[in-house]
Each structure stands twice: as structure tokens, then as C-alpha cells.
Amino acid sequence: MLGNDWDEILKEEMEKDYFKELFSFVLDEYRHKEIFPKMNEVFNAFRHTSYRDTKVVILGQDPYHGVNEAEGLSFSVKTGIRKPPSLKNIFQELKDDLGFDVPESGSLLKWTEEGVLLLNSVLTVERDKPASHKDHGWEIFTDAVISKINEKTTPVVFILWGNYARAKKNLITNPQHYIIESPHPSPYSANNGFFGSKPFSKTNQFLISHDIKPINWDLSK
């Protein structure tokens, strides 16, 4: 289904009753409403970043709910789509932290090729209704994903922006992993500690210190 090692790792989780009920709910929503991202993009985060290759996890809440925005990757929008305010702030911090020019596209797909898992806690949403698929089972599934990554024997960086993501800290118990947390990049909170938090350079410093190839965060080329 996913085409890499996630298939085996998540097989047992996807066979549980709650997941079957969740999937039935989601399929019904797609039949009768406008749901994002497209059905074949719901699991894009896993398709683009295998379990083995995951070096960094950036945890979001749920997909963008505007037309053609979501592409199944947290904080990322499809090329050609206007950048949401939170993403603009992420790019501003990236420039301030590492000096990279702000990219034209809002797609973070290049990061997935570097080993960055762009994971939302909820993987689907109804058009113009943020958090509409909250509490239907996605959180159980993605919590299980985080727990599986926590079991990795190689160090992983978890980037938690905002209170919702930071609440997942209790799932990250393996002392070899590194947690970077700050306020959310939303315009409502970015000035309260997101700007200046330097998550990108901190991530690479940690990876290098553990003899792991750093992330090329540059999206401008």
C-alpha cells in the first residue's frame, strides 16, 4: 500500500478495529463531501519518507482545508498555491536561521527526500472545516506511528511546534532522540518564541554530532 517498510511496520495497526472504523468513516466522507487531501495523497508522508530513512519528524495538526492546498505532508502546500501564513513564518525562520532564500513554492517535498517525515496528527479534513476529522481515530493511528519511531535504534529529531504537537512529548521516551519545541509558527504565536528558535540549525547540529548526514533544508533551488 505504501511501497516501503512502513507497510510491514503499520500492518498490525491497520488491522485493528478502530482503524477499520476510521477508514470506513473516511471513505464515506470522500463519497459525500469535499475532503482534503485527495484520497491517493492521504498517506503521502509515509510514501515519501520510509521508516528506515526517517531522521526528523515535523508534527502538524491536520491538513490545510482550502481547495488544492493539502498534499498529505504537514505544513506543505502544492506548488502554485499561495503560502499560508504559518508556512510563510516557517520560511522566514529558515532564512533567519540558515540564510536560505524564501522559496517560490510552498511545497516541502524536497525535505521528505532528506529524511524528514512531515506528519499530521489527523490525515484528512473537510473543505473549509478545520479539525472536522478530529477524534475519529486518526490520532490513535499517528500516536502509534510516533511510538514506532520512538523505538528506532538510530537517533531522530522531533520538531514540535505549538501546544498540540508538544502534547505528544510523552510518546517520545527514548533518551537517544532529540526534541525541539517552540510556539506554533502561526501569526498568533510566532512572535512568542517561534522566531529565533533556530530549529533547522539545531537539528543539523544534533545529527552531525551523532555522525548522521544533516538535512539540506534549502528549498530555494
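A salt bridge here is a side-chain nitrogen of Lys or Arg within 4 Å of a carboxyl oxygen of Asp or Glu. The model shown is predicted.

**View 1. Salt bridge between K16 and E13.** The closest N and O atoms of K16 and E13 are 3.1 Å apart, which means that the pair meets the 4 Å limit. K16 is partly exposed, at 35% relative accessible area, whereas E13 is buried, at 11%. By this rule the count comes to 13 salt bridges.

**View 2. Salt bridge between E29 and K33.** The N to O distance for E29 and K33 is 3.1 Å. E29 is buried at 8% relative accessibility, and K33 is partly exposed at 38%.

**View 3. Salt bridge between D143 and K168.** The side chains of D143 and K168 meet at 2.8 Å, N to O. D143 belongs to helix 6 (residues 138-150) and K168 to the loop between helix 7 and strand 6 (178-182), so the pair ties together parts 25 residues apart in sequence. D143 is partly exposed, with 23% relative accessibility; K168 is buried, with 9%. Elsewhere, salt bridges with shared partners join E29, K33, E126 and K129 into one network.

**View 4. Largest nonpolar core, around W111.** This core has 60 residues, of which W111 and F141 touch the most other members. Leaving aside residues up to four places away in sequence, contacts of W111 include I58, F200 and W217.

**View 5. Largest pocket.** The pocket holds about 540 Å³ of space. Its lining has 30 residues, and D62, Y64, F75, S86 and H184 are the closest to the centre. Helix 7 gives the most to the lining, with three residues. The lining comprises 15 nonpolar, 11 polar and four charged residues.

Note on methods: Residues are numbered from 1 along each chain as its sequence is written. This is a predicted model: local features need pLDDT of at least 70, side-chain atom pairs count only at pLDDT 80 or more; totals for chains, interfaces and linings use all residues. Side-chain values use heavy atoms; hydrogens and water are left out. A nonpolar core is a set of buried Ala, Val, Leu, Ile, Met, Phe, Trp, Tyr and Cys residues joined through side-chain atoms within 4.5 Å. Buried means under 20% relative accessible area, exposed over 50%, partly exposed in between (1.4 Å probe, protein chains only). Contact means heavy atoms within 4.5 Å. On a 1 Å grid over the protein atoms alone, a cavity is a set of points where a 1.4 Å probe fits but cannot get out, and a pocket is an open set with protein on both sides within 12 Å along at least five of seven lines; lining residues have an atom within 4 Å of a point. Grid points are joined across faces, edges and corners, and a volume is the space filled by probe spheres set on the points. Helices (H or I, at least four residues) and strands (E, at least two) are DSSP runs, numbered from the N terminus. Ala, Val, Leu, Ile, Met, Phe, Trp, Tyr, Cys and Pro count as nonpolar, Asp, Glu, Lys and Arg as charged, and the others, Gly among them, as polar.
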